[in-house]
Amino acid sequence: MPLYEHVFIARQDLSNAQAEGLVEHFGTVLSDNGGKVVESEYWGVKTMAYKINKNRKGHYAFLKSDAPASAVQEMERLMRLHDDVMRVLTIKVDEHAEGPSIQMQKREERDDRRRERR
């Protein structure tokens, strides 16, 4: 099955538990439609570059999935209809990166990776 990475932004006035509940909810939507969530991360509340729906901040969440295209389309459809979700981004990838995402790594680890690339 194809591999996907999803990032979505939820409204800032949700509690952390509600935002994490959204991650679980959309993970079950994927699994109900024949896919599975490989990994999920809750990135927390972050300031956005510009206002979206009069919100300056939002709860960011990240999902790695292994799912058929129909399951991803259904999940995206439900995300766009959900009142608490402001933005959705889905990318098809060849393989999932090992370990935590760049957002979850410590600052020192990110700096070490930059030095290795040069």
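In the chain described here, 40% of the 118 residues are buried, where buried means under 20% relative accessible area, exposed means over 50%, and partly exposed lies in between (1.4 Å probe, protein chains only). The model is a predicted one, in which local features need pLDDT of at least 70 and side-chain atom pairs count only at pLDDT 80 or more, while totals for chains, interfaces and linings use all residues. Residues are numbered from 1 along each chain as its sequence is written, and side-chain values use heavy atoms, with hydrogens and water left out.

The chain contains three helices and four strands, which follow one another along the sequence in the pattern β-α-β-β-α-β-α. Helices (H or I, at least four residues) and strands (E, at least two) are DSSP runs, numbered from the N terminus. Among the contacts between residues at least 6 apart in sequence, 75% join residues at least 24 apart, a contact being defined by heavy atoms within 4.5 Å.

The four strands form an open sheet, ordered β2-β3-β1-β4, with antiparallel pairing; two strands are said to pair if DSSP finds at least two bridges between them. Strands β2 (36-52) and β4 (85-93) are the edge strands, each of which pairs on one side only. On average, and with direction ignored, neighbouring strands of this sheet are turned by 20 degrees against each other; axes are lines fitted to C-alpha atoms, for helices over the stretch in contact, and angles run from 0 to 180 degrees between N-to-C directions. Within the sheet, strand β1 (residues 3-11) is joined to strand β3 (residues 55-66) by nine bridges in an antiparallel arrangement, in which Leu3 stands opposite Asp66 of β3. Strands β2 and β3 are likewise antiparallel, with eleven bridges between them, and Val37 has Ser65 in β3 as its bridge partner.

The hairpin of β2 and β3 has two residues between its strands. Asn53, which is found in the loop between β2 and β3, has a positive phi of about 50 degrees although it is not a glycine. Lys54 is placed in the loop between β2 and β3 and has a positive phi of about 65 degrees, although it is not a glycine either. Such values call for comment because most residues other than glycine have a negative phi. Asn53 is exposed, with a relative accessible area of 58%, and Lys54 is exposed, with a relative accessible area of 78%.

Helix α2 (residues 69-81) lies across β1, β3 and β4 and runs at about 165 degrees to β4. The end C-alpha atoms of α2 are 18 Å apart, which agrees with the 18 Å that its 13 residues should span at 1.5 Å a residue, the expected span being 1.5 Å times one less than the number of residues. The buried residues of α2 are Ala71, Val72, Met75, Glu76 and Met79. Seen down the axis of α2, these buried residues fall within an arc of 130 degrees, so they line one face of the helix; the arc is that of the directions from the helix axis to the C-beta atoms. The buried residues of α2 pack against β1, α1, β3 and β4, whereas the face turned away from the buried side carries the exposed residues Gln73, Arg80 and Leu81.

Ser65, in strand β3, counts as buried at 0% relative accessibility. When neighbours within four places in sequence are left aside, Ser65 is in contact with several residues, including Pro2, Tyr4, Lys36, Val38 and His96. The C-alpha atoms of Ser65 and Leu30 are separated by 8.2 Å, although these residues are 35 residues apart along the chain. The side chain of Ser65 is joined to that of His6 by a polar contact of 2.8 Å, a polar contact being a pair of N or O atoms within 3.5 Å, of which, within protein, one must be able to donate a hydrogen and the other to accept it, while residues adjacent in sequence count only if both atoms are side-chain atoms. Asp84, in the loop between α2 and β4, counts as buried at 16% relative accessibility, and its side chain makes a polar contact of 2.6 Å with the side chain of Arg11.
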